[in-house]
Amino acid sequence: MSSQRHIKKGSKDTDINISPMIDMVFILLIFFIVTTVFVEEAGIKVSKPDIDPGKTTEVDPISLKVTVSNQVYFNGDLVPINRVEGLVSGALSQNPEQPVIMQVERNALSGTMIQVMDSAKLGGADKISVTAVDTRG
C-alpha cells in the first residue's frame, strides 16, 4: 500500500510552457520573410511613345475593327480580310505618318485578329495599336 501512496504523491499535472516555442516560430518567420529574394519576372517590353506637348497630330488614324462574327471593318466600312493589305497600303501611301488602330471585340477569334494584323503589316503598317472593345451594351 505504501507504493500506491508514493505513486499518487508523485503524479502531478505538469504543464509545458510553449510561449518560447511560439516566439521562436515568429523569429523564424521574420527571418525567412526578410531573407527571401524577390525575383522580378520577365515580361513584355512595351515601347511607350514620347509625348511632345508642342506637337499636335491632326491626322485621322486608320481604323480596323474585328467583330465577334469575324467581320472586318476598315474605317467603318465592312471589307473582306484579303483587301485589308491593299487598303492600308493605299492609306499609308497618302500619309505614311498615319497611325493604325485595331479594335477587337471581346470573344473574337484570335486567328482572325492575327490575319488582319499580318495583312496590315504587309500593307506597310509598322506599329499597330490594339484595343479591346466590350460588346456588352
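Tutor: Please note that this is a predicted model. Let us start with Ser-119, which is found in helix H4.

Student: Why is Ser-119 called buried?

Tutor: Buried means under 20% relative accessible area. Ser-119 has 12% relative accessibility, so Ser-119 counts as buried. Beyond its neighbours within four places in sequence, Ser-119 is in contact with Ile-81, Val-84 and Glu-85.

Student: Which residues of helix H3 are buried?

Tutor: In H3, which covers residues 84-94, they are Val-84, Val-88, Ala-91 and Leu-92.

Student: How do you know that the buried residues line one face of the helix?

Tutor: Viewed down the axis of H3, they fall within an arc of 95°, and therefore they line one face. On the other side of H3, Ser-93 and Gln-94 are exposed. The cover over the buried residues includes strands E1 (62-66), E2 (72-74) and E3 (77-79), as well as helix H4 (110-122).

Student: What makes E3 and E5 the edge strands?

Tutor: The open sheet has five strands in the order E3-E2-E1-E4-E5, with mixed pairing. E3 and E5 (128-133) each pair on one side only, and they are the edge strands.

Student: Which strands does H4 touch?

Tutor: H4 packs on the sheet and touches E1, E2, E4 (100-105) and E5. The direction of H4 makes about 160° with that of E1.

Methods: Residues are numbered from 1 along each chain as its sequence is written. This is a predicted model: local features need pLDDT of at least 70, side-chain atom pairs count only at pLDDT 80 or more; totals for chains, interfaces and linings use all residues. Side-chain values use heavy atoms; hydrogens and water are left out. Buried means under 20% relative accessible area, exposed over 50%, partly exposed in between (1.4 Å probe, protein chains only). Helices (H or I, at least four residues) and strands (E, at least two) are DSSP runs, numbered from the N terminus. The arc is that of the directions from the helix axis to the C-beta atoms. Contact means heavy atoms within 4.5 Å. Two strands pair if DSSP finds at least two bridges between them. Axes are lines fitted to C-alpha atoms, for helices over the stretch in contact, and angles run from 0 to 180 degrees between N-to-C directions.
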